[in-house]
Amino acid sequence: MKTLVLVFHPHLEKSQVNRKLMDAANETGDVTVMDEYAAYTDFKINVEHEQELIETHDRIVLQFPFYWYSSPALLKQWEDDVIKAGWAYGGGRALEGKEFMLAVSTGSPADSYTSEGSHVRTMEELLSPFETTFRHTHATYLKPFLIQGVATSTDEQIDAAVAKYPAALIG
Ligand SMILES: Cc1cc2nc3c(=O)[nH]c(=O)nc-3n(C[C@H](O)[C@H](O)[C@H](O)COP(=O)(O)O)c2cc1C
């Protein structure tokens, strides 16, 4: 199985978590890793190239830090440009049989993402537009890989969470 990891982080040089996740992915066999913000500084996505990457991999991981209960803006642009009618839906079925997994880091801890917690909504609810998009295009939506509470985590806690990433990428 070939895995593609698309990293969407606008400031990887300042990253505590996503840089480490990216390094762990790069050290994992049969995994292709792309830094999307470095590739598309002008937000002009090479749609054919992205579609070809998806076509030649089995599992596609969208990795990003949680920004305002969603993703950084380039991932939305990527979705709008790459998941095209005639290719992924509306006559096309390019995503059928593909596995999609989100890998998301959040500043706030997991227990704040409950109906009683400070953010009121669960991660499952907040990530549901992604889930629905991939279900609608006949892909398989895998359980997200979450690293939460980054703002209050120690380096050791982050390293322990990152150590679980390779198995999630290829498992
Ligand atoms: C613009 C912006 C919006 C953010 N929104 C959220 C949010 O909605 N929920 C949350 O838990 N953390 C939020 N954060 C914190 C980031 O998710 C957190 O810093 C990031 O996941 C850490 O990963 P990194 O070290 O790779 O940057 C936000 C950070 C920024 C800069």
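A polar contact is a pair of N or O atoms within 3.5 Å; within protein, one must be able to donate a hydrogen and the other to accept it, and residues adjacent in sequence count only if both atoms are side-chain atoms. The views show a predicted model, in which local features need pLDDT of at least 70, side-chain atom pairs count only at pLDDT 80 or more, and totals for chains, interfaces and linings use all residues. Residues are numbered from 1 along each chain as its sequence is written, and side-chain values use heavy atoms, with hydrogens and water left out.

View A. An N or O atom in the side chain of Ser105 is 2.6 Å from an oxygen atom of the ligand. A ligand oxygen atom also lies 2.6 Å from a backbone N or O atom of Gln16. At Gly107, a backbone N or O atom is placed 3.1 Å from a nitrogen atom of the ligand. The protein buries 74% of the 640 Å² that the ligand exposes when taken alone (Shrake-Rupley method, 1.4 Å probe).

**View B. The shell around the ligand.** The ligand is surrounded by 16 residues (a heavy atom within 4 Å of the ligand). The closest are Ser15, Gln16, Asn18, Phe66 and Ser105. By class, the shell holds 8 nonpolar residues, 8 polar residues and no charged residues (Ala, Val, Leu, Ile, Met, Phe, Trp, Tyr, Cys and Pro count as nonpolar, Asp, Glu, Lys and Arg as charged, and the others, Gly among them, as polar).

**View C. The largest nonpolar core.** This core has 32 residues (buried Ala, Val, Leu, Ile, Met, Phe, Trp, Tyr and Cys residues joined through side-chain atoms within 4.5 Å; buried means under 20% relative accessible area, with a 1.4 Å probe and protein chains only). Among the members that touch the most others are Phe8, Trp78 and Leu127. Elements that each supply at least two residues include strand S1 (3-7), strand S3 (59-65) and helix H4 (73-82) (DSSP runs, helices H or I of at least four residues and strands E of at least two, numbered from the N terminus). H4 gives the largest share, 4 residues.

**View D. Surroundings of His9.** His9 lies in the loop between S1 and helix H1 (18-26). His9 is buried, with a relative accessible area of 9%. A polar atom of the His9 side chain lies 3.0 Å from the backbone nitrogen of His11, and one lies 3.5 Å from the backbone nitrogen of Leu12. Beyond its neighbours within four places in sequence, His9 is in contact (heavy atoms within 4.5 Å) with Ser15, Asn18, Tyr37, Pro65 and Tyr67.

Terms used
Buried < 20%, exposed > 50% of the residue type's maximum accessible area, 1.4 Å probe, protein only.
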